[in-house]
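Let's take a friendly walk through this model together. Please keep the sequence and the 3D view open as you read.

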Amino acid sequence: MAAPHYQPDCIWLVRICVLLGTLWEIQAELIHYSVPEELEKGSYVGNIAKDLGLEPRELSERGVRIISRGRTQLFALNPRSGSLVTAGKIDREELCERSPKCVVSLEILLEDEVKIFGVEVEIIDVNDNAPNFGTEQREIKVAENESPGTRFPLPEAFDPDVGVNSLQGYHLSSNVHFSLDVQSGVDGIKYPELVLELALDREEEAVHHLLLIAFDGGDLVHSSTVKIHVRLVDTNDNAPIFTQPQYHVNVPENVPVGHRLLTVKATDPDEGANGEVTYSFRKVRDKMSQLFQLNSLTGDITVVGNLDYEDSGFYDIDVEAHDGPGLRARSKVLVTVLDVNDNAPEVTVTSLTSSIQETSSPGTVIALFNVHDSDSGENGLTTCSILDDLPFILEKTYGNYYRLLTHRTLDREEVSEYNITVTAIDHGTPPLSTETHISLQVADINDNPPAFPHASYSAYIPENNPRGASILSLSARDPDSIENARVTYSLAEDTLHGMSLSSSVSINSDTGVLYALCSFDYEKVRDLQLLVTASDSGDPPLSSNVSLSIFVLDQNDNAPEILYPALPTDGSTGVELAPRSAEPGYLVTKVVAVDKDSGQNAWLSYRLLKASEPGLFAVGLHTGEVRTARVLLDRDALKQSLVVAVQDHGQPPLSATVTLTVAVANSIPDVLADLGSLKPSAYVDDSSLTLYLVVAVATVSCVFLAFVIVLLALRLRRWHTSRLLQAEGVGFAGVPATHFVGVDGVRAFLQTYSQEVSLRADSRESHVIFPQPNYADTLISQESCGKSEPLVITQDLLETKGDPGPHQQAPPNTDWRFSQAQRPGTSGSQNGDETGTWPNNQFDTEMLQAMILASASEAADGGSTLGGGAGTMGLSARYGPQFTLQHVPDYRQNVYIPGSNATLTNAAGKRDGKAPAGGNGNKKKSGKKEKK
């Protein structure tokens with residue numbers, strides 16, 4: 001039940017604990033060390049790693065470093081030991097002077113935590129400095145009649161150390177006449193004093209020698225000494241006396257500085273210091289001290305400043321003389337300053353006009369001034385004058401006043417500003433003068449028009465210039481000033497070839513720069529005549545004109561134009577005639593050309609660029625005449641083509657070419673007979689012709705490559721078919737090997753009867769159909785005769801496995817017939833029946849086979865010489881000129897593969913659009929072999 005009663009006390013206790021913990025954390029972040037001064041570099045100060053709760057090796061890992069504030073670092077971190085060490089010797093007196101407590105604060109940065117720790121290092125003072133008096137000895141003068149108890153201050157010693165190491169006290173050597181008394185000030189500094197104990201007598205001892213010792217505290221006590229010399233002074237009982245009660249001197253005002261005016265003298269009958277007299281000014285004013293100086297030992301009075309009679313002509317100086325103990329005497333020095341002519345006249349301008357109109361009438365007042373000379377008498381009289389060549393005069397009025405007047409009308413264009421020098425001279429000896437300069441501006445009025453330096457201008461601009469190109473800069477000068485001299489430029493309106501001149505050129509109204517607004521063509525415009533107007537901005541404005549001629553310079557921008565021979569427009573060929581009997585130098589024709597340019601750009605030269613017969617003709621370099629260079633020969637062609645180039649001499653040179661056709665003949669009929677063979681010359685660019693040739697060759701090559709690829713594909717297909725036939729094991733038993741011949745990779749079965757072979761891929765059975773004798777008119781191509789294959793006899797054809805199936809014979813194909821003229825024979829005219837069958841006997845068949853093989857071999861070698869023409873393979877020599885390879889039948893039409901839609905057909909059937917003969921006719925089963 002009592003728990004609620006104590007709850008507020010617990011809360012206050014918790015708050016106090018939290019506050020104490022916070023204060024403890026704040027205090028814990030401030031690390032304190034102490035180190036005596038004057039330690040060597042690297043001396044240990046404290047274990048900073050331990051106080052930060054780190055290992056020594058963690059100092060560099062965690063980026064612990066001392067933050068520098070731009071001042072010299074007194075401490076450093078030792079990363080190996082983790083301690084704070086001194087970075088050099090520390091002098092406490094230099095660092096904190098006489099402060100009782102010397103504390104150096106620094107900050108330690110822990111970079112990984114970005115945390116700052118404060119470190120305070122107290123520098124402990126050591127007794128490293130001894131007291132110092134600042135002097136080795138001190139002299140004190142004491143009058144011999146001083147009474148006992150008198151105190152005399154002694155020199156003080158200074159010790160920069162603090163505390164017990166600082167100055168602790170003084171000690172005086174023993175003496176019966178003097179004692180030491182040390183006084184302490186409010187600041188704690190001790191002041192030593194010498195106290196007179198007994199009366200002194202100079203006659204007994206004139207000087208007393210004492211030794212004052214100052215010492216400090218600390219473990220090792222330091223001390224220093226100073227010698228005190230007490231010198232007794234004699235008693236002064238006589239005062240000094242001046243030789244004169246007053247001194248008078250006259251001095252001109254222009255005496256130089258350092259001049260000695262006079263010397264005052266005073267005497268003292270005492271001896272020693274009591275008899276030594278010194279001099280000084282009494283009640284001297286600042287101005288007096290700037291003009292005169294008194295030597296305290298000799299009494300010489302000298303001038304140290306410039307005396308001026310006009311400032312003060314008389315000076316009263318009080319002089320005082322005193323001896324050593326202080327007895328004094330007084331006297332006066334009266335100085336009179338004499339006037340000399342040392343002041344030049346002064347000119348004071350009372351009224352002044354700085355500007356005057358150039359049209360002002362004579363007698364206009366410009367200035368009123370006064371002349372004054374501070375000197376007196378003749379030295380103060382003055383005279384004024386100006387130069388005689390100026391249009392001004394001086395007029396004296398009241399007293400020393402003068403007026404400056406105009407003498408004639410002014411012209412600003414002649415002189416815009418006058419610097420008038422007024423000379424004032426006095427009558428002294430030597431005379432002094434003063435020059436006063438009066439500046440007078442002549443105000444301008446617009447009385448002069450702008451003027452061009454030249455009466456006319458000429459400018460040159462090349463043709464084809466860019467728009468906005470600068471042509472010429474004109475400048476007109478107006479002798480007036482300001483607005484009256486501000487010139488603006490304009491062009492007078494005019495037309496050029498029906499167009500406004502302002503569309504061709506323009507002028508900058510402020511600068512006078514002329515610009516081209518268009519690109520000029522020399523062949524159209526060769527010169528322009530302009531009128532430029534320059535106007536000022538006065539009131540009223542004045543203007544002047546100047547003529548400007550702009551000449552367009554020719555550029556080589558036109559190629560030569562050939563006038564003759566002109567290119568024909570009706571498609572005909574222009575032909576020049578040269579008789580074969582012409583001698584060397586005979587004028588054949590002349591090339592006439594012109595150039596629209598002028599000058600060197602229009603100078604033309606001719607040269608023979610190309611000729612079908614080099615050396616036959618020559619062209620005049622400058623005339624363009626085409627002449628024969630040698631005698632014409634019979635072997636020279638009738639048609640001669642010449643390409644003549646015409647080139648100008650511009651930079652860069654331009655040229656044109658013309659092609660001439662020269663007919664070489666002795667008479668007109670010869671020309672007319674061969675004129676039809678001449679082709680009109682056309683200007684064909686060689687580069688274009690070459691391009692066409694390259695494209696044509698590339699096209700032919702591509703077509704040929706495509707043909708070779710197709711041919712190879714067909715050969716691969718046929719080879720695959722032959723391999724398939726071998727794999728099926730189709731046998732042709734009893735067929736002689738001579739009945740097979742290879743032509744273009746296709747096995748032609750040459751015999752009296754054509755056969756039809758039927759194969760099936762899913763069975764090893766096959767059948768051969770021997771129809772009735774029929775012949776085909778299919779021809780083999782010339783390309784297929786280019787190569788021949790050796791005779792191949794498949795052994796599988798000679799053996800039959802299994803029971804041969806029945807054979808069906810296809811009906812005869814009537815397309816395999818030859819006409820009467822196409823039947824082979826020894827002369828091509830053998831008679832036979834209308835069916836046109838091949839020779840039935842084996843001998844004729846083998847002969848035909850041998851001829852085909854021989855012709856194929858010759859065609860493969862590229863040199864068939866059997867007497868036949870192209871495509872005959874030499875057969876026409878035996879069978880007649882009408883017999884060609886077209887008469888050779890193609891036995892591929894009757895070869896088909898069951899189960900496949902591929903059928904080998906003859907070329908004639910494809911060409912004539914006929915379907916190949918198939919096996920759709922009536923087939924007969926035959927178990928016996930047909931008669932061959």
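The paragraphs below cover a sheet, some salt bridges, a surface patch and a few backbone details.

This is a predicted model, in which local features need pLDDT of at least 70 and side-chain atom pairs count only at pLDDT 80 or more, while totals for chains, interfaces and linings use all residues. Residues are numbered from 1 along each chain as its sequence is written, and side-chain values use heavy atoms, with hydrogens and water left out.

Let's begin with an open sheet of 4 strands, paired antiparallel in the order β24-β26-β29-β28. Strands here are DSSP runs of E with at least two residues, helices are runs of H or I with at least four residues, and both are numbered from the N terminus; two strands pair if DSSP finds at least two bridges between them. The edges belong to β24 (346-352) and β28 (392-396), each of which has a single partner strand, so one side of each is left without a neighbour in the sheet. On average, neighbouring strands of this sheet are turned by 25 degrees against each other, direction ignored; the axes are lines fitted to C-alpha atoms, for helices over the stretch in contact, with angles running from 0 to 180 degrees between N-to-C directions. If you zoom in on β24, you will find 6 bridges joining it to the antiparallel strand β26 (residues 365-372). Leucine 352 stands opposite alanine 367 in β26.

Next come the salt bridges, of which the whole structure has 20. The term stands for a side-chain nitrogen of Lys or Arg within 4 Å of a carboxyl oxygen of Asp or Glu. Arginine 65 pairs with glutamate 111, with the closest N and O atoms 2.6 Å apart. This pair links distant parts of the chain, 46 residues apart: arginine 65 is in strand β3 (residues 64-66), and glutamate 111 is in the loop between β6 (102-110) and β7 (115-124). Arginine 65 has a relative accessible area of 40% and is partly exposed, where buried means under 20%, exposed over 50%, and partly exposed in between (1.4 Å probe, protein chains only). A network of salt bridges links Arg62, Asp112 and Glu113.

Is the pair of arginine 412 and aspartate 444 buried or exposed? Both residues are buried, and their side chains meet in a salt bridge at 3.0 Å, N to O. Arginine 412 sits in the loop between β29 (401-406) and β30 (417-426), and aspartate 444 in the loop between β31 (433-443) and β32 (456-462).

Now turn to helix α7 (residues 686-728), which holds tyrosine 692. Tyrosine 692 counts as exposed because its relative accessibility is 56%. Together with Leu689, Leu691, Leu693 and Val695, Tyr692 forms a nonpolar surface patch with about 520 Å² of accessible area.

Finally, let's look at the backbone. Most residues other than glycine have a negative phi, and most peptide bonds are trans. The peptide bond from aspartate 539 to proline 540 is cis, with omega near 0 degrees, and proline 540 is in the loop between β39 (527-535) and β40 (543-553). Tyrosine 564 and proline 565 are also joined by a cis peptide bond. Glutamate 38 has a positive phi of about 65 degrees although it is not a glycine. Isoleucine 482 has a positive phi near 55 degrees; isoleucine 482 lies in the loop between β33 (470-473) and β34 (488-491) and counts as exposed at 74% relative accessibility.

Definitions and conventions. Patch = residues over 30% accessible without salt bridge, like charges linked within 9 Å, V, L, I, M, F, W, Y side chains within 5 Å. Areas by Shrake-Rupley, 256 points an atom, 1.4 Å probe, with all protein chains shown as cover.
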